[in-house]
Amino acid sequence: MDEIQVFDIKSRVVDSVIDIFDTMMSLEVALVDEDQSARQKGDRIAGNISFAGDVVGMLRLEVADNFSEIMTAEMLGMEVEDLEGKEEIKDVILELCNIMAGSLKSAFNDHGLPCVIS
């Protein structure tokens, strides 16, 4: 009988997000309980990366439009009012998805769960 493998996805994603926000945007973020978080109303932007192999699934990053502007400005070393359009924001969201998915893919592979991202 195959041994059941346990892999803590939540901790890997949380650690990756905290590290990315700290190192790439100089923004401090922390995990909160679901009942403490308030889902913002309004427009949102999202990016997706898929996993295939021994791990099949998708990583999705979704943030409020106004926060995506702050993230983009911080990552590009600009002021929000200097952003020229949605393309910069889309590029940053997709880059963050790639970084998070790459980190998670490496952790899966290290745990004996080979996969690729697309």
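Contact here means heavy atoms within 4.5 Å.

Before going on, this is a predicted model, in which local features need pLDDT of at least 70 and side-chain atom pairs count only at pLDDT 80 or more, while totals for chains, interfaces and linings use all residues. Residues are numbered from 1 along each chain as its sequence is written, and side-chain values use heavy atoms, with hydrogens and water left out.

Back to Thr-72. Where does Thr-72 sit? Its place is in helix α2, residues 65–76. Helices are DSSP runs of H or I with at least four residues, strands are runs of E with at least two, and both are numbered from the N terminus. Is Thr-72 buried or exposed? Thr-72 is buried, with a relative accessible area of 0%. The cut-offs are under 20% relative accessible area for buried and over 50% for exposed, with partly exposed in between, using a 1.4 Å probe and protein chains only.

Now the rest of that helix. The buried residues of α2 are Asp-65, Ser-68, Met-71, Thr-72, Ala-73 and Met-75. As for its length, α2 has 12 residues and should span 16 Å at 1.5 Å a residue. The expected span is 1.5 Å times one less than the number of residues. The end C-alpha atoms of α2 are 16 Å apart, so the model agrees with that expectation. After α2 comes Gly-77, with a positive phi near 65°.

For contrast, take Ser-26, in the loop between α1 (9–25) and β1. Ser-26 is exposed, at a relative accessible area of 61%. Ser-26 and Glu-74 are 48 residues apart in sequence, and their C-alpha atoms are 7.3 Å apart in space.

Next, the strands. Strand β1 covers residues 44–53 and strand β2 residues 57–64, and the two pair in the antiparallel sense over eight bridges. Strands count as paired if DSSP finds at least two bridges between them. Three residues lie between β1 and β2, which form a hairpin. Within this pair, Ile-45 stands opposite Val-63 in β2. β1 also pairs with strand β3, residues 115–117, in the antiparallel sense over three bridges. There, Gly-53 stands opposite Cys-115 in β3.

Last, the chain as a whole. How many helices and strands does the chain have? The count is three helices and three strands, in the order α-β-β-α-α-β along the sequence. The C-alpha trace spans about 60 × 30 × 25 Å along its principal axes. Of the 118 residues, 28% count as buried. Among contacts between residues at least 6 apart in sequence, 54% join residues at least 24 apart.
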